[in-house]
Amino acid sequence: MTPLVKICGLSTPESLDAAIAAGADMVGFVFFARSPRHIDFATARALGRRARGRATIVALTVDADDALLSDVVEALDPDMLQFHGKESPERVAAIGALYGRRTLKAVGVAAPDDLAAAGAYDGAADFLLIDAKPPKGAALPGGNGLPFDWRLARDFAPRRPWLLSGGLAPDNVAAAIRATGARGVDVSSGVESAPGVKDETRIAAFVAAARTGLARTPLGAK
Ligand SMILES: O=C(O)c1ccccc1N[C@@H]1O[C@H](COP(=O)(O)O)[C@@H](O)[C@H]1O
């Protein structure tokens, strides 16, 4: 089964087009002011229109309140909402139902217990995202370009399909998929030349390399 590929943190028409041309299944946009990948609503509106029908459009937020979520949905009109904070399973499910969008819940992993905690979202979210836990004091809860020990995720087998992220790059993504059996992968820093600046050559190389990994688990239906 071909792994799903999500390219996250896109902020320009050029990088968006490069991700889609490379064959990305999902394109992610960040709404988190501290991130170098944060976009404003006018940019979101333009990029959402440009991406519509060409890839799954994903809006990433971090513990967003209802007002921000409404503005994001109105501007970007995403297919999927990614939650990268401490949102509870109940809130993830409620927001997905309220807006009628698929949901992707990120869980940071550094130890076996963290994966057990991820199980709480199995069913509440449509997809799970297993990311590296940010280092203590990190400014961002994700997008830090740091991997975790993939052996921790080797036997992770939730009912929902799950994506792997954290420090993935063109030169390690195929091995990461093989090591974990993740249904897909998500990347931000590993396809950049500087924080927030996407590199079209690295995007193409990442998607091509991910396609050589073989996902073991089937994509569950909503
Ligand atoms: O990309 C960001 O700036 C970001 C900000 C806040 C939360 C999550 C963020 N990105 C997500 O983090 C992971 C891993 O990124 P990386 O490849 O290690 O840089 C990925 O899922 C992004 O969607």
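Modeller: A strand here is a DSSP run of E, at least two residues in length, and strands are numbered from the N terminus; please keep this in mind as we read a model that is predicted. With that numbering, K133 falls in the loop between strand 6 and strand 7, the latter spanning residues 162-164.

Biologist: Is K133 buried, partly exposed or exposed?

Modeller: The reading rests on a count of other C-beta atoms within 10 Å, where 20 or more means buried, 12 or fewer means exposed, and anything in between means partly exposed. K133 has 18 such atoms, so K133 is partly exposed. Leaving aside residues up to four places away in sequence, K133 touches G108, V109, A110, D114 and F148. D17, by comparison, stands 116 residues from K133 in sequence, and their C-alpha atoms are 30 Å apart.

Biologist: In what order do the strands close into a barrel, and what is the sense of the pairing?

Modeller: To read a sheet one follows the bridges from strand to strand, since two strands pair if DSSP finds at least two bridges between them. In this structure 8 strands close into a barrel in the order 1-2-3-4-5-6-7-8, with parallel pairing, and neighbouring strands of the sheet are turned against each other by 25° on average, direction ignored. Strand 1, residues 4-7, is joined to strand 8 by 4 bridges in the parallel sense, and within that pair K6 stands opposite D186. On strand 1 there is also a parallel pairing with strand 2 over 2 bridges, where I7 has V27 as its bridge partner.

Biologist: Which residues of strand 2 lie on each side, and are they buried or exposed?

Modeller: In a regular strand the side chains alternate between the two faces of the sheet. For strand 2, M26, G28 and V30 form one side while V27, F29 and F31 form the other, and all of these are buried; the strand is accordingly described as mostly covered, with 6 of its 6 residues buried.

Biologist: Which residues come nearest to the ligand?

Modeller: There are 27 residues around the ligand, and C8, S35, G142, G143 and S189 come nearest. The elements that contribute two or more residues to this shell are strand 2 (26-31), strand 6 (127-132) and strand 8 (184-187).

Biologist: Which feature does UniProt place at residues 5-208?

Modeller: The unreviewed UniProt entry gives "domain: N-(5'phosphoribosyl) anthranilate isomerase (PRAI)" for that span. In the model, residues 5-208 are 33% helix and 22% strand, and their end C-alpha atoms lie 10 Å apart.

Conventions
Residues numbered from 1 in each chain as written. Predicted model: local features only at pLDDT ≥ 70, side-chain atom pairs only at ≥ 80, totals over all residues. Near = placed C-beta within 6 Å. UniProt positions renumbered as here; feature names shortened; annotations may be inferred. Axes fitted to C-alpha atoms, helices over the stretch in contact; angles between N-to-C directions. Contact = placed C-beta atoms within 7 Å.
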